[in-house]
Amino acid sequence: MLESILQTGVGHFLMTIVSFAILLFIVSKFAWDPISKILQEREEMIDSNINDAKSAKEDAEATKDEAREMLTNARTEANKLVQDTKWQVSKMKADQIERAKEEIEEMRTQAELSIQRERRQMLESMEDQIGKLSIEIAEQVLRREVNSEDHQQLISELVLEMDASINESR
């Protein structure tokens, strides 16, 4: 009977099930635990790698944010430095202009003082010359009587002498 069952399709089916059951028993007894352990270790390794990747991504994001913040701070500092430099340059220009104005004013004051000094010297020189000429005219008048023609001639001579002395003092 076993022979007839084995020869039929049902027999093959039963034999396949029995063989599968024996194989399943052997695999579960000897191979299932090591294979499960290997698969579990592999799953843990994959989870660890995923967690490491997430952690690395978070670190990269944090580093990226820090870099952005540092870049923003650097730009702010650079802008502040540029503004400070512009202000200092502007202040230096204003200081230089003010010093130049003060120097020009000092030069103008010195020039005015020099002109006044020269004017005084020239007036003193003219007073001396006028005094000398007056004395000469008085000497000539006292030596002779002066008529209107002599008077005009004396005035012309006096003007010519004054003009010559002014030209000499220059």
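This is a predicted model: local features need pLDDT of at least 70, side-chain atom pairs count only at pLDDT 80 or more; totals for chains, interfaces and linings use all residues.
Read along the sequence, the pattern is α-α-α. Residue numbers run from 1 along the chain as its sequence is written.

The accessible surface comes to about 15,300 Å². Carbon and sulfur atoms account for 59% of that area. Now colour by burial. Of the 170 residues in the protein, 3% are buried.

**Stop 1: the nonpolar patch**

Select Val-18, Ile-22, Phe-25, Ile-26 and Phe-30. These residues form a nonpolar patch on the surface. Together they have about 530 Å² of accessible area. Centre on Ile-26, which sits in helix H2. Is Ile-26 buried or partly exposed? Ile-26 is partly exposed, at a relative accessible area of 41%. Residues need over 30% relative accessible area to join a patch, so Ile-26, at 41%, clears that cut-off.

**Stop 2: the negative patch**

Move on to Glu-41, Glu-43, Glu-44 and Asp-47. This group makes a negative surface patch. Pick out Glu-41, placed in helix H2. Glu-41 has 44% relative accessibility and counts as partly exposed. The same cut-off of over 30% applies here, so Glu-41 passes with its 44%.

**Stop 3**

Next come the salt bridges. How many salt bridges does a search of the whole structure find? The search finds three. Side chains of opposite charge can pair when their charged atoms come close.

Select Lys-91 and Asp-95 and show their side chains. The two form a salt bridge, with the closest N and O atoms 3.6 Å apart. The cut-off for a salt bridge is within 4 Å, so the 3.6 Å between Lys-91 and Asp-95 qualifies.

Why are these residues about one helical turn apart? Lys-91 and Asp-95 are four residues apart in helix H2 (residues 9-143), so about one helical turn separates them. Lys-91 is partly exposed, with a relative accessible area of 40%. Asp-95 is also partly exposed, at 35%.

**Stop 4: the network at Arg-108**

Stay in helix H2 and select Arg-108. Which residues are linked in a network of salt bridges? Glu-105, Arg-108 and Glu-112 are.

Take the Glu-105 side. Glu-105 forms a salt bridge with Arg-108, and their closest N and O atoms are 2.8 Å apart. Because Glu-105 and Arg-108 are three residues apart in helix H2, about one helical turn separates them.

Now take the Glu-112 side. Glu-112 forms a salt bridge with Arg-108, with the closest N and O atoms 2.4 Å apart. Glu-112 and Arg-108 both lie in helix H2, four residues apart, about one turn of the helix.

Glu-105 counts as partly exposed, at 38% relative accessibility. Arg-108 is partly exposed, with a relative accessible area of 41%. Glu-112 is partly exposed as well, at 40%.

**Stop 5: Leu-154 in helix H3**

Finish at Leu-154. Where is Leu-154 placed? Leu-154 is in helix H3 (residues 148-169). Is Leu-154 buried or exposed? Leu-154 is buried, with a relative accessible area of 7%. Buried means under 20% relative accessible area, so Leu-154, at 7%, falls in that class.

Note on methods: Side-chain values use heavy atoms; hydrogens and water are left out. Helices (H or I, at least four residues) and strands (E, at least two) are DSSP runs, numbered from the N terminus. Buried means under 20% relative accessible area, exposed over 50%, partly exposed in between (1.4 Å probe, protein chains only). Patches are made of residues with over 30% relative accessible area and no salt bridge: like charges are joined within 9 Å, nonpolar side chains (Val, Leu, Ile, Met, Phe, Trp, Tyr) within 5 Å. Accessible areas come from the Shrake-Rupley method with a 1.4 Å probe; for residues, only the protein chains shown count as cover. Lys and Arg count as positive and Asp and Glu as negative; His and the chain ends are not counted. The place of a charge is taken as NZ of Lys, CZ of Arg, CG of Asp or CD of Glu.
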